Amino acid sequence: MPRKKSDTTDTQLRRELMQQMLLIRRFEERAAEAYALGKIGGFCHLYIGQEAVGVGAISVLREDDYVIGSYREHGQALARGMAPRVIMSELFGRSDGSSHGKGGSMHLFDRNLNFLGGHGIVGGHIPLATGVGFAINYRGGDQVCLCFFGEAAVNGGAFHEALNMAALWKLPVIYMIENNRYGMGTALERASAINDIAERACSYDMPNEVVDGQDVMAVRAATQRAVQRARSEHIPTLVEVRTYRFMGHSMSDAVSGTYRSKEELEEHMKRDPIALLRTEMEKRGEWSDADMTKLDEELKATVEDAYNFADASPEPALDTLYEDVLAESAPVGEAAGAGATTTH
Amino acid sequence: MAIITYRDALNQALREEMRHDDRVFIMGEEVGVYQGAYKVSKGLLQEFGEMRVVDTPITELGFAGVGVGAAMVGLRPIIEFMTWNFALLALDQVVNAAAKMLYMSGGQFNIPIVFRGPNGAALQLSAQHSQAWESWLAHIPGLKVVTPGTPYDAKGLLKTAIRDENPVVVLEGEMLYNLKGDVPEEEYFIPLGKAQVKREGDHCSIITFGKMIHVALQAADQLAKEGIHADVVDLLTVRPMDVETIAASVRKTNRAVVVEEGWEVCGMGAQIADVIQRECFDDLDAPILRVHQEDVPMPYAKNLERAAKPDVPKTIAAVKRVLYL
């Protein structure tokens with residue numbers, strides 16, 4: 001990204017956030033096309049509409065912090081720095097993918113980036129985040145763990161069990177609810193006894209906050225407050241980020257017409273996180289139509305490169321089928337007193 | 001050699017491994033202040049402190065997941081379930097998280113974790129507290145499942161399990177905690193995936209594991225008085241299973257009885273019988289018979305419970321049947 005001499009730090013920041021959000025948008029659009037062509041199989045949950053959440057939140061983390069998410073994690077993986085080529089290859093089920101084709105869309109991992117997945121059971125990874133927080137305290141570290149999940153996960157036991165222990169033990173975890181209003185096709189108010197779900201934190205005496213998930217700067221600011229609390233005081237936070245997905249739950253359902261109306265969708269699409277940031281940047285005089293076009297062309301090329309790379313990547317060799325079921329363990333000492341007798 | 005209980009053998013294993021590696025910690029219900037529901041973790045809180053001996057709320061799903069998360073980032077948790085009956089609530093973490101993480105991350109995240117606790121029936125605890133889960137857990141690729149039946153095996157297998165780089169399920173026996181046996185003073189390990197022939201004989205193989213090793217050995221003792229000599233194979237680890245030792249025994253005896261604590265349908269015995277028919281088809285002189293819990297939830301009444309459990313008379317009868325006696 002070219003930087004003008006007059007750029008302030010904030011301007012640079014907004015450009016970077018714009019770059020990341022637009023990358024995710026273009027990546028996901030291309031993934032949708034690839035899915036339609038049968039290049040991607042299985043379930044594929046897109047992040048379009050929610051880009052500001054992952055980008056804003058992850059932008060405040062340090063490299064040694066941890067990120068963990070659900071199965072709608074392509075955007076978070078990109079925001080954390082995973083290469084588009086590697087992610088697209090994984091979606092294609094190819095050997096150059098992050099899991100060499102064994103994980104797919106729902107299971108992106110990158111050990112070097114402390115990106116801990118990519119988990120497919122609603123709410124199942126929330127206790128894992130609590131465990132990461134436990135490990136940070138165990139070692140006396142000052143990292144944090146940022147855990148993303150959808151609003152539907154708050155009705156399950158794993159959420160409550162995990163938050164209770166995090167509050168009880170003062171663990172440095174940020175639990176970030178991406179409230180996109182629908183758990184698959186079931187609206188929040190049809191599934192949850194309370195609609196202000198950040199209030200769930202009150203059961204655990206945990207700080208909580210509601211934030212506009214279409215405003216990347218607002219997400220950033222809220223995450224910064226939570227990270228600060230986690231890092232310096234080891235206090236977890238529940239952040240409810242109110243967002244909206246512009247696509248179906250996965251690639252296999254209609255965008256609108258069954259559980260939500262076209263009108264509702266269009267209303268929410270007026271608050272496109274990318275458009276909102278663009279307006280803000282234009283208002284500040286730091287972004288032009290030409291900037292937008294140039295960035296878009298660059299990112300389309302990046303995504304096209306990822307697509308072509310994935311398409312050319314070989315399928316995993318069949319002899320990898322049985323690899324990575326178990327890790328190698330170092331041999332331990334021999335049995336002593338062989339033939340030891342037992343008193344029955 | 002010292003004669004100690006199965007409980008103390010497990011306690012020694014925990015203590016030695018926690019001294020050996022400060023990444024090892026134990027977490028579960030009542031493991032600390034209460035000193036363990038079955039006192040397996042007795043004294044550990046006093047030696048290692050509350051960061052490494054962690055009392056949890058009653059939340060099996062939650063703390064099993066905490067263990068998996070901690071293992072993802074470099075710790076080596078030992079998760080104690082007060083019993084495996086309660087661990088059903090945690091199966092999502094054992095199966096969907098711990099067992100699959102290495103594979104679905106393409107080799108990036110192994111999960112060095114031990115899930116342990118008492119398994120199987122005790123006495124008159126009724127249906128929800130009297131279940132043996134070997135076959136459920138052994139079904140899952142990505143897990144190792146060990147089933148120690150003696151103090152010696154309990155210590156050696158648990159120590160190896162804690163050193164293993166994978167999720168290892170340790171199924172202890174509630175009725176075994178007071179059992180005494182010889183345990184060497186010096187440090188030792190028992191490799192996972194290796195069976196042991198606990199008694200030699202050439203008339204019939206009795207293949208078993210866990211608590212049922214005692215049923216098998218007692219049956220073999222009584223049979224010996226009638227001149228029938230059983231080869232008693234203790235699997236020690238049910239996954240991975242030591243097929244070679246099973247096959248070698250059956251090739252010698254040409255007959256096999258499997259004794260297991262769990263139910264018949266899709267039980268461990270079905271798997272073992274399959275292994276035997278594949279490896280030893282031409283060596284068999286009789287159908288393989290199985291001794292197992294009757295196909296009912298465990299009843300409470302003393303006499304009904306006794307009737308439901310696999311036992312020595314049922315084992316003797318099965319051995320005689322495969323010998324056509």
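Modeller: What follows takes the terms one by one; note that the model is predicted.

Biologist: What makes Glu286(A) partly exposed?

Modeller: A buried residue needs 20 or more other C-beta atoms within 10 Å, and an exposed residue has 12 or fewer. Glu286(A) has 18 other C-beta atoms within 10 Å, so it is called partly exposed.

Biologist: Where is Glu286(A) found, and which residues is it in contact with?

Modeller: Glu286(A) belongs to the loop between α10 (273-283) and α11 (289-312) of chain A. With neighbours within four places in sequence left aside, its contacts are Thr11(A), Arg14(A) and Met281(A). Contact here requires C-beta atoms within 7 Å. Gly131(A) is 155 residues from Glu286(A) in sequence and 42 Å from it in space, C-alpha to C-alpha.

Biologist: Why is the six-strand sheet of chain A called open?

Modeller: Its order is β2-β1-β3-β4-β8-β7. β2 (115-118) and β7 (208-212) of chain A each have a single partner strand, so one side of each is left without a neighbour in the sheet. From one strand to the next the twist averages 15 degrees.

Biologist: How do you know that β1(A) pairs with β2(A) and with β3(A)?

Modeller: Pairing requires at least two bridges between the strands. β1(A) and β2(A) have two bridges, in the parallel sense, and Val67(A) stands opposite Phe115(A) there. Three bridges join β1(A) to β3(A), also running parallel, with Cys145(A) as the bridge partner of Tyr66(A). Both pairs therefore meet the cut-off.

Biologist: What joins β4(A) to β8(A)?

Modeller: Six bridges join β4 (residues 173-179) to β8 (residues 237-242) of chain A, and the two strands run parallel. In this pair Met176(A) stands opposite Val239(A).

Biologist: What makes both faces of β1(A) covered?

Modeller: Tyr66(A) and Ile68(A) are buried on one side, and Val67(A) and Gly69(A) are buried on the other. As for helices, α5 (residues 126-138) of chain A lies across β1, β2, β3 and β4 of chain A. The angle between α5(A) and β3(A) is about 170 degrees.

Biologist: Which residues have the most contacts inside the largest nonpolar core?

Modeller: They are Val132(A), Cys147(A), Ile174(A), Ile206(B) and Val257(B), in a core of 200 residues. Helix α1 (residues 9-36) of chain A gives the largest share, nine residues. Cys147(A) touches residues including Ile68(A), Ile126(A), Ala129(A) and Ile174(A), not counting those up to four places away in sequence.

Biologist: Why is this core said to lie between the domains of chain B?

Modeller: Domain 1 (2-183) and domain 2 (196-322) of chain B both give residues to the core, so it lies between them. The centres of these domains, taken over C-alpha atoms, are 26 Å apart.

Biologist: How many residues of each domain are in contact?

Modeller: 23 residues of domain 1 of chain B are in contact with 23 residues of domain 2 of chain B. On the side of domain 1, α7 (134-138), β6 (144-146), α8 and β7 (168-173) of chain B each supply at least two residues. The residues of that side are twelve nonpolar, eight polar and three charged.

Biologist: How many residues of chain B are in contact with chain A?

Modeller: 52 residues of chain B are in contact with 44 residues of chain A. The largest share of the chain B side, nine residues, comes from α3(B). That side divides into 24 nonpolar, 20 polar and eight charged residues.

How values were computed
Residues are numbered from 1 along each chain as its sequence is written. Chains are lettered from A and ligands numbered from 1 in the order in which they are written. This is a predicted model: local features need pLDDT of at least 70, side-chain atom pairs count only at pLDDT 80 or more; totals for chains, interfaces and linings use all residues. Two residues are in contact if their C-beta atoms, placed from the backbone, lie within 7 Å. Helices (H or I, at least four residues) and strands (E, at least two) are DSSP runs, numbered from the N terminus. Ala, Val, Leu, Ile, Met, Phe, Trp, Tyr, Cys and Pro count as nonpolar, Asp, Glu, Lys and Arg as charged, and the others, Gly among them, as polar. A nonpolar core is a set of buried Ala, Val, Leu, Ile, Met, Phe, Trp, Tyr and Cys residues joined through C-beta atoms within 7 Å. Domain bounds come from an automatic or database domain assignment. Axes are lines fitted to C-alpha atoms, for helices over the stretch in contact, and angles run from 0 to 180 degrees between N-to-C directions.
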